[in-house]
Amino acid sequence: MKWIATALLAVVLVLLPFFAGDFYINLASQMLIAAIFALSLNLLVGYGGMTSLGHASYLGVAAYISALLTSRYGLGHGSAALLSILGTTVTAAFFGVIALRATGLGFLMITLALSQVLWGLAYRMSNITNGDNGIGGLTRPMPFGISLDSAAAFYWFALIVASFAFLMMTVFVLSSFGSSLKGVRDQPRRMAALGFNPWMIRWITFIYAGFWGGVSGLLYVYYNKYIHPTSLSTTSSAEALLGVIAGGSGTPGGPVVGAALVLLLKNYVSAYLDRWNMLLGAVFVFIVLVMPTGIVPGLTKLLRGRPR
Amino acid sequence: MTSVVADHALEVINLKKAFGGLAVTQNVSLTIRPGERRLIIGPNGAGKTTLFNQISGDMPPNSGQIKLFGNDVTSLAPYQRAHRGLSRTYQIITLFAGDTLEHNVTLGLLGLRPSRWQMWRPLAFYGDLATEARRTLDAVGLLHLADHPVSEIAYGEKRRVELAMALAQKPRVLLLDEPLAGLSDTERSTVKSLIGSIPRETAVIMIEHDMDTALDLAETVTLLNYGRVIVDGERDTVIADERTREVYLGV
């Protein structure tokens, strides 16, 4: 039953461009990008117990590095992508050393502060980042000579990357290391006594989450062909965090659903409602009241609990 | 390092610890032979658990030294001490409540294996870990509950999972912090025979208030009071000592 549902979902996802218009294909592409981003944040929030309010840093750093390298320094997309992922991962490693001096609220505040620093730099160093104007006129890569300029082509590209990301992060969570991570989240002291190095486990996870945040950032800048400091802002981090929590943190599918929901409300509903933020708020209040652990765990419980 | 046969499994030398003005460990020195069974007794607040926390590395001492098999471990983190053969249980149950018993014990096994860093292979693929975890659960009589989450089992069973997690690591020095606390009479005798069956390669240091049970397991006894070692030696000598009666037995 579960396999049939999964196969059906896969078929629908792959064939989507054949029955949906460009608007919906583009919406789906954005959802995929947001899903990768939310999944990477979920590694920290859900499985690591490290609530970060600065995860947009990694999306933004990757996007900015790629944008600068391809537009200003004329690098090819291949090497620019590698360098931006590398740069993002190194940034995450460095930020991790600083942020992991604390846990809980302290960790949250440090990640917030660090992302604000990057946001400030993107805004103020206008000779490099073009400040508030952002960097526009960017191009999409052409992997194996295939143009990604059509909505469908980009969608399939994003689908491949997102599927791979989902697989990698799910295996990560199910692995020995994932078990260590969950153990450190639940009982750090016991884990240390058992021979695990809690700090190192958190740090590696932080870097890994930064890496996938960077991957989503690359897709983000390819999709938009434009990057603006807003992408690095706290709002951007907070939206992703809301998505993770609404969908169900610490579950493999929750962040995907949550991210899709946020995007749907943001892009679709905002066309009809001026105050879409109010609706977003109302939806979250509803979720928190009815399904405090998130949509996916909530629905799973509902389906299982139903008398047969 | 391993080729050297040390005379002592654990040495604590002039250990001192104070919380502000309150001295909780005052010049404590202990030596434990490999395979020794040591019971640590003392009234509430004598500094027994604080001593354990310093030995395991959870708490840094103000001064003094801790040696495991002749190597100074005073400045090592808890996980590094675990890799040198030290294991412990907690007075307050510290388990992974949402996970199955098997997973709990598996974590104990994983902690000492390099495969704990493996990120690309699901844990379920390590069949040997599961087999070993189940064998350990069988040894503590909990195999039938292996697939149940810890949150669903009884208190006395949780105590045994605590023990199983530590035993799975085949430690050379095992610290047991009140393994009998809160158990019924039957459970008590189960856990007692369990501790009695720990192989001789393991030195066992146990904090326990239940003297009737614990004294049977002990070869040597240390009496702590106000953070000081009051009496230290062979079981019968310590029990017969007048100071023990005065401080602890209240006779």
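Domain bounds here come from an automatic or database domain assignment. For chain B, that assignment gives domain 1 (1–85 + 172–186 + 203–251) and domain 2 (94–170).

This is a predicted model: local features need pLDDT of at least 70, side-chain atom pairs count only at pLDDT 80 or more, and totals for chains, interfaces and linings use all residues. Residues are numbered from 1 along each chain as its sequence is written, while chains are lettered from A and ligands numbered from 1 in the order in which they are written.

**Domains of chain B.** The C-alpha centres of domain 1 and domain 2 of chain B lie 27 Å apart. Two residues are in contact if their C-beta atoms, placed from the backbone, lie within 7 Å. By that rule, 7 residues of domain 1 of chain B touch 7 residues of domain 2 of chain B.

**Where the chains meet.** Chain B puts 24 residues in contact with 19 residues of chain A. On the chain B side, α2 (78–83) and α3 (101–110) are the elements that give two or more residues. The largest share, 4 residues, comes from α2(B). Helices are DSSP runs (H or I, at least four residues), numbered from the N terminus.

The table sorts two contact sides by class.

**The core.** A nonpolar core is a set of buried Ala, Val, Leu, Ile, Met, Phe, Trp, Tyr and Cys residues joined through C-beta atoms within 7 Å. A residue is buried if 20 or more other C-beta atoms lie within 10 Å of its own, and exposed if 12 or fewer do. The largest core has 159 residues. Helix α2 (residues 22–47) of chain A gives the largest share, 16 residues. Both domains of chain B give residues to this core, so it lies between them. A35(A) is among the residues with the most contacts inside it. Beyond its neighbours within four places in sequence, A35(A) contacts A162(A), P255(A), V256(A), A259(A) and A260(A).

**Helix α4 of chain B.** The buried residues of α4(B) are L129(B), A133(B), T136(B) and L137(B). They pack against α3 and α5 (155–168) of chain B. On the other side of α4(B), G127(B), D128(B), T131(B) and R135(B) are exposed. Just after α4(B), G141(B) takes a positive phi of about 75°.
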